[in-house]
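Please open the model in your viewer and follow the selections below in order. The tour begins at a single residue and then widens to the whole chain.

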Amino acid sequence: VVYTQSEILQREVYLFERLDSPNREPMKHLKAICFLRPTKENVELLVQELRRPKYSVYFIYFSNVISKSDVKALAEADEQEVVAEVQEFYGDYIAVNPHVFSLNLLGCCRGRSWDPAQLTRTTQGLTALLLSLKKCPMIRYQLSSEPAKRLAECVKQVITKEYELFDFRRTEVAPLLLILDRSDDAITPLLNQWTYQAMVHELLGINNNRIDLSRVPGISKDLREVVLSAENDEFYANNMYLNFAEIGTNIKNLMEDFQRRKPKEQQKLESIADMKAFVENYPQFKKMSGTVSKHVTVVGELSRLVAERNLLEVSEVEQELACQSDHSSALQSVRRLLQSPRLSELDAARLVMLYALRYERHASSGLPALLEELRGRGGMGGRYCQLVSAVVEYGGKRVRGSDLFSPKDAVAITKQFLKGLKGIENVYTQHQPLLQETLDQLIKGKLKDSQYPYLGPNTLRDRPQDIIVFLIGGATYEEALAVFNLNRSNPGVRIVLGGTTIHNTRR
């Protein structure tokens with residue numbers, strides 16, 4: 001995710017192999033650099049490898065802390081003394097954006113408590129992140145969540161046990177790790193998105209920066225899977241947080257710029273200098289041509305899906321459910337859409353879920369009737385009805401530790417009103433994730449200790465500057481956008497957002 005194959009080739013690494021691929025040929029003229037997670041399976045595979053080494057020398061890097069007993073097992077297997085060094089290079093997580101990381105874990109809890117294997121993996125991922133950023137943080141967690149408390153304690157245990165590793169130079173204000181639970185805000189991952197990165201994930205799905213376009217009608221072979229990474233794609237870096245309307249304009253400009261740079265067909269390469277110029281510019285041209293065709297395809301497919309699934313209308317109703325509190329109007333809108341044949345099953349389920357989360361305790365709740373409609377649509381309808389009650393059980397009023405819906409005070413109400421006056425494009429982006437509010441309070445030093453206690457006796461006296469916020473049960477690209485904006489508007493504050501995974505509605 002952070003390094004392309006061509007970048008690695010520039011470092012004179014010519015062969016990429018997996019440790020677990022069975023039929024690798026011995027190549028004694030090559031040195032091997034191994035980068036591995038320190039799991040039991042990997043150590044076992046490495047032991048087998050060292051007993052019958054295929055390369056001349058091994059440089060072994062583990063992405064996290066490795067136990068003494070594992071090092072001993074490797075040493076005993078290394079009878080031919082081919083290991084030159086063993087190091088810990090902390091990178092036991094997926095760096096998604098410059099301020100976002102994920103552990104690629106799905107389904108980390110069973111009911112209300114951790115799956116033990118996932119708790120271990122999450123603890124490892126978080127502690128590796130702290131080590132690679134060189135932070136020994138104070139820890140706060142969401143009191144209403146048992147998993148958040150468990151994870152906080154596990155991270156603390158590792159820091160205590162490996163105190164020598166965490167002995168970093170003290171900063172004036174200690175860094176802060178804030179552990180939250182997705183169930184406090186189940187609304188955010190259910191909404192359609194309108195900024196580029198979030199929209200691509202919602203409609204096409206991003207997996208380790210890759211997008212599967214194989215289902216796009218008439219797609220060419222080399223565009224079946226494309227990579228979207230801000231590290232080596234300037235257009236994506238500049239547009240990932242912009243609204244869809246702006247991206248349309250920017251793509252048009254990109255196309256026009258490309259047309260201008262096209263080598264003229266009839267241009268005669270007469271002199272050596274012409275040829276030299278052509279050859280020098282060609283790689284750049286080729287790269288640009290790849291970028292253009294990739295983004296035109298992706299944006300074209302997004303537009304097609306928006307039209308086909310009538311998402312503008314769907315999104316408007318979602319935003320009404322998430323941000324306003326006019327029950328009868330919301331119920332009418334959801335009913336109207338549920339009767340539309342253009343509405344996909346997923347979008348139908350999404351609307352009923354949002355309605356259920358928003359109005360689960362409303363005196364004249366129309367939920368039973370909506371569930372009937374959903375079931376009556378056939379297909380997955382029955383399965384989705386079960387999921388509606390599962391979502392309420394997961395993120396309903398009974399579970400939430402915070403007030404997801406009601407405006408906090410008069411100021412907040414005015415803010416919402418003013419935001420409404422800003423005009424039409426905001427109909428689709430009124431919603432702000434709960435995380436925005438939580439981090440805002442945290443930066444101002446107003447986050448309540450009674451809801452987000454510190455682990456241990458010490459508390460921060462100053463406002464935090466280095467914040468790592470971790471969402472058990474997954475973060476979203478809408479929250480990544482909120483963190484990006486908070487980092488921009490609060491110089492001196494650095495926020496990193498992580499989650500067990502990065503969600504869209506399907507996920």
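Select Val-469 first: with a relative accessibility of 0%, this residue counts as buried, where buried means under 20% relative accessible area, computed with a 1.4 Å probe and protein chains only. The model is predicted: local features need pLDDT of at least 70, side-chain atom pairs count only at pLDDT 80 or more, and totals for chains, interfaces and linings use all residues. Residues are numbered from 1 along each chain as its sequence is written, and side-chain values use heavy atoms, with hydrogens and water left out.

Next, colour residues 466–472, which form strand 13 and include Val-469; strands are DSSP runs of E, at least two residues long, and helices are runs of H or I of at least four, both numbered from the N terminus.

Now display the contacts of Val-469 (heavy atoms within 4.5 Å). Leaving aside residues up to four places away in sequence, Val-469 touches Leu-178, Leu-180, Leu-435, Leu-439, Ile-495, Val-496, Leu-497 and Gly-498.

Colour by domain next. The assignment, an automatic or database one, gives domain 1 (5–88), domain 2 (91–185 + 433–506) and domain 3 (196–309). Between the C-alpha centres of domain 1 and domain 3 the distance is 37 Å.

Finally, show the whole protein, with its 17 helices and 16 strands. Its C-alpha atoms fill a box of roughly 75 × 75 × 50 Å along the principal axes. Of its 507 residues, 47% count as buried.

Technical notes: Buried < 20%, exposed > 50% of the residue type's maximum accessible area, 1.4 Å probe, protein only.
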